[in-house]
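Please keep the sequence and the structure in view while reading.

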Amino acid sequence: MEPKVGQIWRHYKGGVYRIIALAKNSETDDIYDTIVYEDMTAPKTWTQSHSRFTEPIEWEGEKISRFTFVSEARHKHPLIEFFGWYGAVAVLIAYCSVSFGYFSAGGFWFQFLNATGSAGLALVAYIKKDWQLAILNLIWAIIALIVLIK
């Protein structure tokens, strides 16, 4: 399989990487002779020549692929995008409404918009593996739910 931008590949030692670019060496006429890829678990970017990326290697006495294809590019799911946008708008409306005196901070609509909005933001952050924002928004939603239940 030919590597393409957006695809996910697993290194033979276990790391999982997303191809972010196919680069051309300005010194050669080879088209896209370098693969640029990012670590899916850490903020690191790597490059590998196309030939080294796709060539088989010998490891522990076996001939294996240096990288193994995992999946095609992940496209944004419209429902997840909806929850993210709803969350951003709901939290913003809640904040503006309290700031301009339309809602009270302990009122139903303020807490409802905070609970549902932060839950939407937490979901998107969780899917994107942005743990700080996921945890922050989850706690925000829990606090708003507690106030709603009281």
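## Strand pairing

Two strands are taken to pair if DSSP finds at least two bridges between them, and the elements themselves are DSSP runs numbered from the N terminus, with helices (H or I) of at least four residues and strands (E) of at least two. The model is a predicted one, in which local features need pLDDT of at least 70 and side-chain atom pairs count only at pLDDT 80 or more, whereas totals for chains, interfaces and linings use all residues. Residues are numbered from 1 along each chain as its sequence is written, and side-chain values use heavy atoms, with hydrogens and water left out.

Strand β1 (residues 8–11) runs antiparallel to strand β2 (residues 16–23), and the two are joined by 3 bridges. Within this pair, I8 has R18 of β2 as its bridge partner, while R10 stands opposite V16 in β2. The two strands form a hairpin with 4 residues between them, and in its turn G14 has a positive phi of about 115°. On β2 there is also an antiparallel pairing with strand β3 (residues 34–39), made through 6 bridges, in which A21 has V36 of β3 as its partner. Strand β1 is likewise joined to strand β7 (residues 67–71), by 4 bridges and again in antiparallel fashion.

## H11 in strand β1

H11 belongs to strand β1 and stands opposite F67 in β7. Is H11 buried or exposed? Buried means under 20% relative accessible area, exposed means over 50%, and partly exposed lies in between (1.4 Å probe, protein chains only); H11 counts as buried because its relative accessible area is 17%. Leaving out residues up to four places away in sequence, H11 touches Y17, R66 and F67, where contact means heavy atoms within 4.5 Å.

## S118 in helix α3

S118 lies in helix α3, which spans residues 108–127, and S118 is buried, since its relative accessible area is 0%. Which backbone atoms does the side chain of S118 reach? One is the backbone oxygen of A115, at 3.4 Å, and another is the backbone nitrogen of A141, at 3.1 Å. A polar contact is a pair of N or O atoms within 3.5 Å; within protein, one atom must be able to donate a hydrogen and the other to accept it, and residues adjacent in sequence count only if both atoms are side-chain atoms.

With neighbours within four places in sequence set aside, S118 is in contact with V91, L113, N137, W140 and A141.

A nonpolar surface patch of about 1,000 Å² includes L79, F82, L123, W131, I139 and V147 among its residues. Patches are made of residues with over 30% relative accessible area and no salt bridge, with like charges joined within 9 Å and nonpolar side chains (Val, Leu, Ile, Met, Phe, Trp, Tyr) within 5 Å. A salt bridge here is a side-chain nitrogen of Lys or Arg within 4 Å of a carboxyl oxygen of Asp or Glu, and accessible areas come from the Shrake-Rupley method with a 1.4 Å probe, only the protein chains shown counting as cover for residues.

Helices α2 (78–99), α3 and α4 (131–149) each supply at least two residues of the patch, and the largest share, 5 residues, comes from α4. V147 is found in α4 and counts as partly exposed because its relative accessibility is 34%. L145, also placed in helix α4, is partly exposed at 43% relative accessibility. The C-alpha atoms of L145 and A134 are separated by 16 Å, the two residues being 11 residues apart along the chain.
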